[in-house]
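This briefing covers aromatic side chains and their contacts. Please have the sequence and the model open while reading.

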Amino acid sequence: MIATGLGLGIVLGIVLQRGRFCVTGMLRDIFTRKTFRPLTALLIVISIQAIGVAALTAAGIITPKVSNFAPAAVIIGSLLFGIGIVLAGGCATGTWFRSGEGLVGSWLALAGYAVSAAAMKTGPLSGLNDALADRTINATTIPQTLGVSPWVFAIALSALTAYLTAFYLRREKQRPIAQLRRHWTKRSLHLYTAAVLVGLIGVVAWPLSAATGRNSGLGITTPSADTVNYLATANPESLNWGTLLVLGILVGSFVAAKFAGEFRVRVPDAVTSVRSVVGGLLMGVGAAWAGGCTVGNGMVQTSLFSYKGWVALLFTAVGVYIAAKIWLKPTKNVSPVDADLAALDAELDAELDAELDSELDAELAQNPSAGFGSPRSVNVNKPTGADSDPALKLAVAASPVLLKTRPQEPAASELREVAPGKFALDTLGAVCPFPLIDARAAMAQLERGQTLVLDFDCTQATETIPEWAADEGYTISDFHATGDAGWTISVTK
């Protein structure tokens with residue numbers, strides 16, 4: 001029976017990958033894009049699960065149980081988790097399915113997440129975990145406290161969700177969002193379509209999981225920790241329905257990405273790598289303390305209307321807000337640069353360098369001690385043959401030199417003018433949301449009628465950048481794939 005976990009996980013992985021479904025982005029967009037459109041997708045998931053779980057419970061098919069609320073553990077854990085998912089570039093499910101797309105940064109985050117969760121739940125940090133988790137109050141769900149049926153909350157939430165969904169769908173019709181040019185079989189799912197499917201999968205997960213003795217729905221943190229425990233100890237109890245579920249997400253997302261031409265191994269830079277590891281570690285610690293991640297708390301517990309679920313979702317959002325304010329800033333030089341002028345400046349500067357280097361080499365060859373005393377200019381941007389001489393290095397280091405710096409020709413990663421009124425920005429290698437952040441900063445520098453040509457390889461940006469352009473009233477004249485997991489989009493202000 002545990003094989004049903006693998007099958008459901010594969011389906012979930014396909015849906016998550018094709019729908020670019022990540023709660024991190026949904027919460028982050030509230031603060032970075034000032035929109036609740038993506039968050040409405042999460043409400044769709046919660047609403048469908050709330051109705052489905054209530055129906056399954058009323059039919060006696062499942063018997064969900066909610067533990068007493070542990071305020072300190074949930075609040076502190078969720079704050080850490082929210083910060084962690086911004087650093088890692090994805091939530092619990094987002095990290096699993098992005099690993100299937102070939103993002104090495106997600107592999108690093110996933111390793112940190114699973115190891116730290118295992119350490120908190122069953123390892124050396126279990127005592128620290130229990131210290132807060134055991135401090136509970138006698139409260140489980142909001143309906144139970146108020147003495148009303150869960151159906152009241154399920155129907156009310158569904159009504160609000162239906163209103164928000166209709167509102168944003170109407171806005172899409174008024175401001176059409178550009179679609180990537182590709183065969184219909186390889187197009188991504190609409191976010192709300194993916195949300196409906198995730199919600200239904202969440203409902204189906206309850207009876208399938210219960211049939212194996214696991215009284216819960218979808219979950220990521222404990223199964224991730226169990227995966228590490230099984231690899232370390234080969235304990236058969238750690239190979240369970242939940243473990244196969246998360247492994248299925250990895251398989252499903254890989255299959256979906258490979259079929260759509262969106263799989264490519266992408267190695268992050270050093271800064272992103274460190275952030276991914278630290279973010280993953282914070283995710284594991286935070287989710288263990290809070291008793292769940294954006295799935296266990298943000299989708300399952302919220303659908304039960306437990307205090308833990310809704311408080312955890314709130315403070316995860318607070319953590320995302322804090323991290324976004326600190327770390328989500330433009331990474332590129334987006335001051336418009338005239339490439340012709342920059343090239344001319346670089347050419348003249350190179351001639352000056354050669355002349356100065358020649359004079360310095362000649363003087364030092366005749367008199368090595370000449371490096372001591374009189375000020376001189378030294379090109380510190382590129383070593384010459386004489387720079388490898390230890391005596392010369394010592395002479396230059398000891399002399400009162402005037403360090404000559406020179407403007408460089410704009411690098412490929414900087415905003416540069418490639419034609420009159422057309423500017424290019426290369427964000428290849430940048431993880432989401434940085435391609436969008438850099439694009440926004442670049443467009444702020446352009447004049448009306450000018451065009452930004454953006455190269456990127458972040459899968460989620462295939463949705464967020466066209467959405468942002470539509471919201472701003474920009475025109476997209478070109479949007480196409482440049483190979484596996486690579487895209488170019490032209491946006492006119």
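Predicted model: local features only at pLDDT ≥ 70, side-chain atom pairs only at ≥ 80, totals over all residues.

Residues are numbered from 1 along each chain as its sequence is written, and side-chain values use heavy atoms, with hydrogens and water left out.

**Aromatic pairs**

- Searching the whole structure gives eight aromatic pairs; rings of Phe, Tyr and Trp (its six-membered ring) pair if their centres lie within 6.5 Å, and planes under 30 degrees apart count as stacked, over 60 as edge-to-face and the rest as tilted.
- Among them, Phe 167 and Tyr 168 are edge-to-face, at 5.0 Å centre to centre and 80 degrees between the planes.
- Phe 167 is partly exposed at 28% relative accessible area, while Tyr 168 is buried at 9% (buried is under 20%, exposed over 50%, partly exposed in between; 1.4 Å probe, protein chains only).
- Phe 456 and Trp 487 have ring centres 5.7 Å apart and planes at 25 degrees, so this pair is stacked.
- Because Phe 456 is in strand 5 (residues 451–456) and Trp 487 in strand 7 (residues 486–492), the pair ties together parts 31 residues apart in sequence; strands are DSSP runs (E, at least two residues), numbered from the N terminus.
- Phe 456 and Trp 487 are both buried.

**Aromatic cluster**

- One aromatic cluster is formed by Phe 153, Phe 305 and Trp 310.

**Charges over rings**

- Arg 37 sits over the face of Tyr 192, 5.6 Å from the ring centre; the criterion is NZ of Lys or CZ of Arg within 6 Å of the ring centre and within 35 degrees of the ring normal.
- Lys 186 lies over the face of Phe 259, at 5.8 Å from the ring centre.

Note on methods
Helix = DSSP H or I, 4+ residues; strand = E, 2+ residues; numbered from the N terminus.
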